Amino acid sequence: MDISFKNVSYTYQPNTPFEHRAIHGLSFKISSGSFVAIVGHTGSGKSTLIQHLNGLLRPTIGQVTIGGFQLSSEKKLKQMKELRRRVGVVFQYPEHQLFEETVAKDIAFGPSNFGVDSEEISRRTLEAIKAVGLPEPLLERSPFDLSGGQMRRVAIAGVLAMNPEVLVLDEPTAGLDPRGQTEVMDMFYQLHQQKQLTTILVTHSMEDALHYADHVIILDHGTKYMEGKPEEVFVKKKELNKVQLDVPEVIQFLFKVEKKFGVRLTYHGQGLNEIANELHSIIKGADSIE
Amino acid sequence: MRESFIEFRNVSFRYGEEQPWVLKDVSFVIYPDEWVAIIGHNGSGKSTIAKLINGLLFPQEGEIFVDGVHVNQDSIWDVRKNVGMVFQNPDNQFVGTTVRDDVAFGLENRGIPRQEMIDRINTSLTAVAMNDYFLHEPHRLSGGQKQRVAIASILAISPKVVILDEATAMLDPKGKLEIMRTITEVQDKLDLALVTITHDLNEITLADRVIVMNEGQVWLEATPREVFTKKEELRRIGLDTPFISKLADELISIGLVFNNHPLSHEELLEELWTYHSKM
Ligand SMILES: Nc1ncnc2c1ncn2[C@@H]1O[C@H](COP(=O)(O)OP(=O)(O)OP(=O)(O)O)[C@@H](O)[C@H]1O
Ligand SMILES: Nc1ncnc2c1ncn2[C@@H]1O[C@H](COP(=O)(O)OP(=O)(O)OP(=O)(O)O)[C@@H](O)[C@H]1O
Ligand SMILES: [Mg+2]
Ligand SMILES: [Mg+2]
């Protein structure tokens with residue numbers, strides 16, 4: 001589904017002493033089928049932004065369009081349930097979306113709420129629990145008696161079981177073990193491609209943004225600071241440093257190599273083995289000059 | 001022999017009689033003024049260890065000592081005075097209705113005089129860059145802001161050991177570095193023990209020592225450098241190696257030899273420079 005934000009502002013607790021404008025004047029477009037990363041410092045408005053995507057928040061000013069759905073301050077959306085069926089959100093803290101007495105019931109909650117039959121639900125549940133790397137017996141346990149990373153995985157499984165068209169992920173790998181982080185991101189990416197989803201990923205990992213996204217939006221204090229292709233955005237070290245961010249680690253390292261050896265290596269998605277070979281020839285190449 | 005600050009002696013734990021053991025015969029020591037990272041796959045028992053240290057749980061077998069005191073029902077209040085703990089999700093930890101009250105709570109509990117309390121609240125909230133949020137409700141902050149406030153609350157009470165259970169997982173990269181720097185400065189100044197439970201591979205490289213958990217058992221206790229030479233095994237138990245370590249492994253596989261397995265950008269650049277001048 002195509003998504004657009006037109007001059008969107010959101011204010012928490014308006015007309016109280018605690019009034020706080022979390023995003024303002026935000027405009028951008030996300031075309032159907034793209035994988036977009038949203039990055040920005042702590043408190044820059046990322047979670048506020050994504051809560052508009054399933055209608056949890058309505059803009060105070062401006063307009064949000066998600067496919068055929070429109071959100072604005074003027075009128076409540078009538079087809080809210082339909083919007084939530086099509087937009088699946090993994091929230092920043094997984095505890096916020098777990099509430100049933102067993103993991104199985106928790107995963108089934110979304111689909112059964114949207115009228116999926118029980119046979120199909122069991123099929124999806126098994127598929128989802130496998131996709132997030134959890135053992136089947138865990139289905140019968142209480143989601144509150146799990147470790148942090150296990151809870152995160154259950155929360156993700158619940159969203160997968162809804163078969164959404166738009167996948168919204170708010171730091172989905174926080175709390176996952178290192179191998180799990182890679183596996184889960186790869187799984188999202190595969191799903192994104194196979195089912196032609198529109199995926200929106202909020203992340204503090206510039207590495208993940210570079211690796212998986214085809215478009216990056218950078219927020220700073222509730223406004224859009226920059227957007228573009230990851231390869232273009234993630235070399236602008238000075239600009240990123242100004243807003244608490246940095247270039248991905250691989251690019252940081254290549255900059256340092258340039259400083260030390262006077263040879264520029266550009267990053268174009270090559271693997272570590274290729275970079276190792278390039279480094280090797282720098283060391284040797286310097287030799288042939290001497 | 002240095003005196004240990006935290007000691008686990010053959011500790012086994014399960015959450016209920018019918019339930020599987022989640023810690024099995026775990027023994028280790030942590031010394032004062034040391035930074036130890038506890039790592040391990042999801043569900044390997046790390047948070048359970050943290051909860052045992054300050055007596056939120058008690059082991060069915062074995063014994064735990066904190067600052068020489070055996071942790072049990074009678075000693076938990078004394079033990080907790082010395083232990084500052086930040087959990088994975090700070091929401092469960094907030095007690096105050098404002099950020100300021102939340103930090104004040106731990107200080108009031110310890111009977112800190114009013115003027116000093118005000119000073120400590122200011123200092124600790126400034127240290128985590130949350131001094132503009134004194135009157136905000138902790139629950140109405142962003143994920144990373146919540147983590148900053150939770151960290152300020154424990155810095156304010158100057159405990160003898162700080163335990164961070166994935167307490168910086170929601171911070172932006174620069175923020176994470178700044179907060180870790182603040183914490184290690186406090187650690188140096190006050191000689192406290194620091195225990196970080198983390199999945200952040202770069203953060204692990206900064207610790208003095210690493211305890212690697214696997215399925216409820218201590219799998220390895222070693223320096224970060226030793227730990228990250230075990231690429232294959234680490235992956236098998238749900239872990240991984242940091243970027244520089246991976247790149248170094250690629251360089252080794254095409255024939256380079258390093259004196260010391262590099263863990264930081266500077267170390268790898270230095271090794272490459274040595275090569276370059278030798279060639
Ligand atoms: N429920 C709320 N009530 C009032 N203010 C809020 C609320 N939630 C967030 N805010 C404020 O709005 C701003 C944006 O918060 P948001 O949660 O969108 O940030 P974020 O970019 O997701 O940050 P993080 O990376 O720390 O999760 C912050 O300054 C925050 O304090
Ligand atoms: N309250 C509980 N009741 C029953 N079992 C629990 C409870 N809390 C945790 N467990 C189980 O104990 C084991 C260890 O959990 P623990 O929270 O210590 O793991 P962890 O190493 O901190 O994992 P993570 O990296 O995911 O945070 C897990 O298998 C978990 O499912
Ligand atoms: Mg957020
Ligand atoms: Mg844990």
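Q: How many nonpolar, polar and charged residues does the shell around ligand 1 have?
A: Sorting a shell by residue class is a handy start. In this predicted model, the shell around ligand 1 has 15 polar, 4 nonpolar and 3 charged residues.

Q: Which residues are the closest to ligand 1, and why is the site shared between chains?
A: Look at the chain letters of the neighbours. Of the 22 residues that surround ligand 1, the closest are A:Lys46, A:Thr48, B:Ser142, B:Gly144 and B:Gln145. Because the surrounding residues come from chains A and B, the site is shared between chains.

Q: Which polar atoms lie 3.2 Å or 2.7 Å from an oxygen atom of ligand 1?
A: A polar backbone atom of A:Ser44 is 3.2 Å from a ligand oxygen. Among side chains, A:Lys46 places a polar atom 2.7 Å from an oxygen of ligand 1, and A:His204 places one at 3.2 Å. On its own, ligand 1 has 640 Å² of accessible area, and the protein covers 93% of that.

Q: How much area do chain A and chain B bury between them?
A: The size of an interface is often given as the accessible area lost when the parts come together. Here, chains A and B bury about 4500 Å², with 60% of it on carbon and sulfur atoms. A:Tyr93, A:Phe253 and A:Ile283 supply 15% of the area chain A buries against chain B, more than any other three residues.

Q: What is the count of salt bridges between chain A and chain B?
A: The count is 3 salt bridges. One of them joins A:Lys256 to B:Glu266, where the closest N and O atoms are 3.3 Å apart.

Conventions: Residues are numbered from 1 along each chain as its sequence is written. Chains are lettered from A and ligands numbered from 1 in the order in which they are written. This is a predicted model: local features need pLDDT of at least 70, side-chain atom pairs count only at pLDDT 80 or more; totals for chains, interfaces and linings use all residues. Side-chain values use heavy atoms; hydrogens and water are left out. A residue is near a molecule or strand if one of its heavy atoms lies within 4 Å of it. A polar contact is a pair of N or O atoms within 3.5 Å; within protein, one must be able to donate a hydrogen and the other to accept it, and residues adjacent in sequence count only if both atoms are side-chain atoms. Accessible areas come from the Shrake-Rupley method with a 1.4 Å probe; for residues, only the protein chains shown count as cover. Ala, Val, Leu, Ile, Met, Phe, Trp, Tyr, Cys and Pro count as nonpolar, Asp, Glu, Lys and Arg as charged, and the others, Gly among them, as polar. Buried area is the accessible area (1.4 Å probe) that two parts lose on being put together, summed over both. A salt bridge is a side-chain nitrogen of Lys or Arg within 4 Å of a carboxyl oxygen of Asp or Glu.
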